[in-house]
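Here is a friendly walk through one protein model, with the sequence and structure to hand. We will go from a pair of strands to aromatic rings and then to the nonpolar cores.

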Amino acid sequence: MSKSYQPSASHFVNGQYREDESGKAIPVIYPATGSEIACVYGATDAILEEAISSANRAQKQWAAMTGTERGRILTRAAHIMRARNRELSELESHDTGKPLSETLIADAASGADALEYFGGLAGTLTGEYIPVAAGDFVYTRREPLGICLGLGAWNYPIQIASWKAAPALACGNAMIFKPSEETPLSALKLAEILIEAGAPAGLFNVVQGYGDVGAALVADPRIAKISLTGSVPTGQKVYASAAAGLKHATLELGGKSPIIIFEDADLENAVSAAINGNFYSTGQICSNGTRVFVQENIKDAFLARLTERMKNARIGDPMDEATTIGPMISQKQRAIVMDYIAKGIAEGARLVAGGHEIAGDGYFMELTVFADVTDDMTIAREEIFGPVMSVLSFKNEEEAVARANDTTFGLAAGVFTSDLTRAHRVAAGFQAGTCYINSYNLTPVEAPFGGMKMSGVGRENSRAAIDHYSQLKSVYVCLGDTEAPF
Ligand code: NDP
């Protein structure tokens with residue numbers, strides 16, 4: 001019997017927990033056991049109205065504060081989040097099924113980094129002085145957008161909430177965040193922490209719901225900006241709805257990213273990257289390098305070392321800190337992944353590891369590797385979002401880069417080689433927003449993160465995020481007379 005993680009109420013609005021049981025029930029399932037650990041309710045119109053009106057009030061109060069004051073509160077929130085890391089990690093592990101060995105280092109910790117980084121930037125957000133003709137000048141003011149909406153996926157719930165809230169709040173906006181209905185719990189904790197750190201009530205509201213709640217908020221004229229982390233089909237719907245209101249949008253969507261491993265690469269490092277880039281979070285990571293291109297003459301050595309090291313994976317109880325692989329988020333997602341595995345086999349890929357569900361109440365499955373994958377196979381073209389690696393072989397650099405780019409996605413890409421010149425040449429040739437040389441899937445807050453092509457619009461993290469959460473106003477200052485033709 002799993003412990004209950006029932007929150008005090010479903011939503012966090014205007015500085016406090018709020019309940020309205022007339023919304024659609026959302027059971028929260030612990031993926032490791034299949035048991036219900038909480039139940040929340042989708043937001044009703046009354047809850048959404050309260051969220052929007054309180055965010056509107058709070059945003060004006062917040063924007064009137066100096067950047068340094070706002071930054072101090074965000075930095076305090078980062079400290080509180082770090083102090084509560086274990087409690088938050090245990091919650092996140094129950095909500096997502098990800099093992100504690102991951103959540104202790106990658107979830108709230110990364111959220112705290114974002115709060116600290118953007119807290120530090122908040123006091124530095126200035127405009128520009130632009131001299132123009134006749135001694136006149138223009139200055140720019142960097143102004144907030146208003147109320148931003150965050151829509152989260154289920155793989156990194158508190159990280160996604162923090163990556164969106166931190167730059168939004170640093171710029172003087174308010175935020176309404178709707179977590180994925182699969183993982184509604186940890187964003188509520190971020191809301192609690194921001195209040196404890198001194199943020200005004202209503203500045204960061206969390207409302208629960210299925211896609212319909214997200215869609216209603218996207219369409220509301222009082223929402224100025226949308227930041228979505230989710231799938232490409234949802235991104236297209238959200239972008240179309242945002243376009244109707246000419247709203248700003250940041251879209252962090254899916255991928256089918258390549259890792260190219262040349263014969264001169266450090267094999268051990270390349271295997272490590274392929275493992276991290278396919279199996280971390282049980283493969284449920286948007287930027288995963290799921291197409292592993294290995295130069296022909298080292299393919300067998302690569303597969304041998306990979307499958308040997310995979311025997312050390314510890315699949316099981318997420319709360320045991322020795323566990324390295326947890327279950328899939330849901331039975332539904334596991335079924336989707338199993339379907340892709342069946343397609344891989346049917347289309348002629350060679351299964352070299354895994355391929356099966358693991359019996360029991362939880363949604364566990366084996367780590368899976370296909371070799372002899374070709375570019376046209378479904379498993380090489382579509383995002384699987386599970387622990388399934390496709391290994392493809394190549395002869396030369398030009399071919400590898402062309403095939404790596406032959407996808408509608410463009411989220412991430414990696415190259416492993418000891419040839420410095422080639423490494424930079426290949427990185428320059430990748431059509432992807434986030435590239436790696438001799439490494440994979442690290443996402444420090446200091447660096448921009450986001451996709452090209454169908455993988456998204458805009459960038460999260462780094463100074464680049466500031467441009468996506470603020471707008472510039474130009475003020476022309478005339479020092480002389482104003483001339484007119486008559
Ligand atoms: P979804 O696209 O299904 O959902 C994302 C969010 O949007 C959820 O909160 C969802 O609510 C909401 N939503 C769904 N339909 C609408 C709509 N019409 N209008 C407004 N909001 C809506 O993604 P998943 O949660 O399944 O996450 C997996 C996907 O996310 C993968 O494709 C993955 O690659 C991508 N992802 C991208 C990342 C990146 O940074 N690029 C990082 C992590 C994941 P509900 O869940 O209630 O339907």
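In strand E18, Tyr436 is the bridge partner of Gly414. This is a predicted model, where local features need pLDDT of at least 70, side-chain atom pairs count only at pLDDT 80 or more, and totals for chains, interfaces and linings use all residues. Residues are numbered from 1 along each chain as its sequence is written, and side-chain values use heavy atoms, with hydrogens and water left out.

**Strands E17 and E18**

E17 (residues 412-416) and E18 run parallel and are joined by four bridges; two strands pair if DSSP finds at least two bridges between them. Helices (H or I, at least four residues) and strands (E, at least two) are DSSP runs, numbered from the N terminus. Together with helix H15 (residues 420-429), E17 and E18 make a right-handed β-α-β unit: with the strands pointing away from the viewer, the path from the first strand over the helix to the second runs clockwise. E18 (residues 434-437) covers one face, with Thr434 and Tyr436, and leaves Cys435 and Ile437 on an uncovered one. In a regular strand the side chains alternate between the two faces of the sheet.

**Aromatic rings**

The structure holds eight aromatic pairs, meaning rings of Phe, Tyr and Trp (its six-membered ring) with centres within 6.5 Å; planes under 30 degrees apart count as stacked, over 60 as edge-to-face and the rest as tilted. Two of the pairs are shown here.

| Pair | Type | Centre to centre | Angle between planes |
|---|---|---|---|
| Tyr129 and Phe137 | tilted | 5.2 Å | 40° |
| Phe262 and Phe394 | edge-to-face | 5.3 Å | 85° |

Phe262 lies in the loop between strand E12 (258-261) and helix H10 (267-279) and Phe394 in strand E16 (residues 388-394), so their pair ties together parts that are 132 residues apart in sequence. Phe262 is buried (under 20% relative accessible area, with exposed over 50% and partly exposed in between; 1.4 Å probe, protein chains only), at 0%. Phe394 is buried too, at 1%, while Tyr129 is exposed at 54% relative accessibility.

The charged end of Arg422 sits over the ring of Phe262, 3.9 Å from its centre; here NZ of Lys or CZ of Arg must be within 6 Å of the ring centre and within 35 degrees of the ring normal.

**Nonpolar cores**

The largest nonpolar core has 80 residues, of which Met81, Ile176, Phe204 and Val207 touch the most other members. Such a core is a set of buried Ala, Val, Leu, Ile, Met, Phe, Trp, Tyr and Cys residues joined through side-chain atoms within 4.5 Å. Helix H6 (residues 157-170) gives the most to this core, with nine residues. Apart from it lies another core, of 28 residues, among them Val337 and Met377.
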